[in-house]
Amino acid sequence: MDNHNYIPGVVQISITARCQCNCRHCGVAHIKRHVRGEPTLAELDTLFADLQRSGTRVIDLFGGEPTLRADLFDILSLAKSYGFFTLVETNGWRLDERYICDIKAANLDQVYLSLDDYREEVHDTNRNLPGLFVKATHALALCRKHDLPVDVSFVPKDRDYFLNHLNTFLDFVFTKGADHVRILLPRFIGNMNLTDTSPFSDGKEQELVDLISPKHLPRIYFHSNDTPIDDISVCSAKQYFCHIMTNGDVLPCPYLPLVFGNIKEESIAAIFRRIQESDIMRRGGTHCLARDISFIKEVLSAITPDKPFIRMDAAARA
């Protein structure tokens, strides 16, 4: 497995576990309740230097809700000083016109804006935050007004949504100003309760692509913007992506609670190589393990509410 010479090209960094929402579909809320603290600006400076040495090109600031960090603009400016392409994933609650102007002045490259529906009551009920739909859709229009690139992130509820609502949703967000839509299929951890027969399990989800209107396909991608539309289960964590939690622990992605090391103890390059060389990550070829039913039953069944992570670092070194 070449894995692009083990270079962590895209690194997602959770800078806070705080969030205003309590989303029905959230795949990380249960996990992050067990992680304490937030990285300081000094710690992020050390991390960014290590990422730059390791060949990272893209920094994806994640949460929780990153805009709850009072120093987010400083974090972005620091990341840009290292030459990274920067992304922020947000629910849009705080993105009024002043905030968008300030975040653009910090040289943010792109926003990932989460939207769940084209209907206010459905969206806000799903996120348990009344008023969010109005704020998020206004933020989408403001990003377009100020020429700030914005892709909408969307987690479909079920196959029925693809059949009866998805194309209406796509018409809505593209009219509002979205550049692209990133479809994040639900995983089998967190708040979702999927089954063996779920259309979102590996091997069954490809047929969902046929339900998308051809006029929208050029502006749609699943999970990562380089995921081939004819094989949407290809996993970026098996190629160039990893996730860093607020305490420095490194996971293949936020939906795979397998800890391969901590960036406070060793370089991201060493940890990323351990991920790519691990037998567990080689399972299923290039496909997503977080939607692999057999993997969930055989490996992640060991996870409990009190022990939400499986440590892989000690085993990998043995």
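**Sheet order and helix packing in a predicted model**

Student: In what order do the nine strands of the open sheet run?

Tutor: The model is predicted. Its nine strands form an open sheet with mixed pairing, and their order is 7-6-5-4-3-2-1-8-9.

Student: Which residue in strand 4 is the bridge partner of Thr-90?

Tutor: Strand 3 (residues 85-90) pairs with strand 4 (residues 110-114) in the parallel sense, over four bridges. In strand 4, the bridge partner of Thr-90 is Leu-113.

Student: Is helix 7 parallel or oblique to helix 9?

Tutor: The axes of helix 7 (residues 132-145) and helix 9 (residues 166-176) come within 8 Å and cross at roughly 55°. That angle makes helix 7 to helix 9 oblique.

Student: How many charged residues does the contact of helix 7 with helix 9 have?

Tutor: Phe-133, Thr-137, Leu-140 and Ala-141 in helix 7 meet Phe-172, Val-173 and Lys-176 in helix 9. By class, five of these residues are nonpolar and one is polar, and the number of charged residues is one.

Student: How is helix 6 placed relative to helix 7, roughly parallel or roughly perpendicular?

Tutor: Helix 6 (residues 120-127) packs on helix 7 at an angle of about 110°, with the axes 8 Å apart. Angles of 65 to 115 degrees count as roughly perpendicular. Helix 6 to helix 7 is therefore roughly perpendicular.

Notes: Residues are numbered from 1 along each chain as its sequence is written. This is a predicted model: local features need pLDDT of at least 70, side-chain atom pairs count only at pLDDT 80 or more; totals for chains, interfaces and linings use all residues. Side-chain values use heavy atoms; hydrogens and water are left out. Axes are lines fitted to C-alpha atoms, for helices over the stretch in contact, and angles run from 0 to 180 degrees between N-to-C directions. Helices (H or I, at least four residues) and strands (E, at least two) are DSSP runs, numbered from the N terminus. Angles under 35 degrees count as roughly parallel, over 145 as roughly antiparallel, 65 to 115 as roughly perpendicular and the rest as oblique. Contact means heavy atoms within 4.5 Å. Ala, Val, Leu, Ile, Met, Phe, Trp, Tyr, Cys and Pro count as nonpolar, Asp, Glu, Lys and Arg as charged, and the others, Gly among them, as polar. Two strands pair if DSSP finds at least two bridges between them.
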